[in-house]
Amino acid sequence: NIFLIGDNTFNGWEKLKEIYISDSVKDIGRNSFAGCESLETVYMSKNVVYIPERCFESCTALSSFTWEADSKLIGKLAFAGCTSLETFNFIGIEKLYPNSFQGSGIGVASLGEAQNEAAAALEIVESQSFMDCPELQMVALGGNVSTVQTKAFANCENLSEVHCFATSVPKSYVDSRNSDPAYSFFDASNIENATLYVPSSAIEA
């Protein structure tokens, strides 16, 4: 059995189209599959809990990623530039490092709901996590999200819905160029035309 896939193992393999990583694998290294431009489908071991830095960066054909781990951590730039990756199972996400999905094809970033504890583990959406995602239309911030870092959803020009399940407004770090917190993490993302959904208990009379 294989227990580890090391750093850069398949980096740049242009003819690789499908990967099945068995449940015996518990760790994968940085840049392991980066630049595999023909890679379309990945079945990830449920015993891998951390997708490390730049692991699938610039896998431009990647459209299907199956990962059933109970808890998930996603490293910096792990899926950056995966322009064909339209959907992703965010249930169980505990940590998103900066730029994790920057420039990807994600259409919905459903980061948990208050009613589902497993889906609401994420507390911080790191800076530029979904920056430059032109297909992103809907964002859902789970009930445990307390902080959204600078430009987390910047330059997502087709964003039309934001669902916030927390009863308190998540903290943000304001961009020095603009004092409005909304433009700190939704900068240039059509936020003024998006519909915001919040719990009824969070609405003041």
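Modeller: Gladly! Two strands count as paired if DSSP finds at least two bridges between them. Strands (E, at least two residues) and helices (H or I, at least four) are DSSP runs, numbered from the N terminus.

Please keep in mind that this is a predicted model, in which local features need pLDDT of at least 70 and side-chain atom pairs count only at pLDDT 80 or more, while totals for chains, interfaces and linings use all residues. Residues are numbered from 1 along each chain as its sequence is written, and side-chain values use heavy atoms, with hydrogens and water left out.

Let us begin with the sheet of four strands. This open sheet runs in the order β9-β11-β13-β15, with parallel pairing. At its edges lie β9 (108-111) and β15 (195-197), each pairing on one side only. From one strand to the next the twist averages 10 degrees; such angles are taken between N-to-C directions, from 0 to 180 degrees, using axes that are lines fitted to C-alpha atoms.

Now step across this sheet. Strand β11 (residues 138-141) is joined to β13 by four bridges, and the two run parallel. Here V139 has V162 in β13 as its bridge partner. Strand β13 covers residues 161-164 and pairs with β15, again in the parallel sense, over three bridges. If you look for E161, you will find that its bridge partner in β15 is T195.

Strand β4 (residues 41-44) runs parallel to β6, and four bridges join them. Opposite M44 stands W67 in β6.

How confident is the predictor? Its confidence in each residue is the pLDDT, from 0 to 100. The protein has a mean pLDDT of 87, with 87% of its residues at 70 or more. Among the elements, β4 has the highest mean (98), and helix α1 (residues 182-185) has the lowest (60).

Finally, look at the loops beside some strands. The structure holds 19 aromatic pairs; rings of Phe, Tyr and Trp (its six-membered ring) pair if their centres lie within 6.5 Å, with planes under 30 degrees apart counting as stacked, over 60 as edge-to-face and the rest as tilted. The pair of F79 and F101 is stacked, because the ring centres are 5.1 Å apart and the planes stand at 10 degrees. F79 sits in the loop between β7 (72-74) and β8 (93-96), and F101 in the loop between β8 and β9, so this pair ties together parts that are 22 residues apart in sequence.

Technical notes. pLDDT = per-residue confidence, 0-100.
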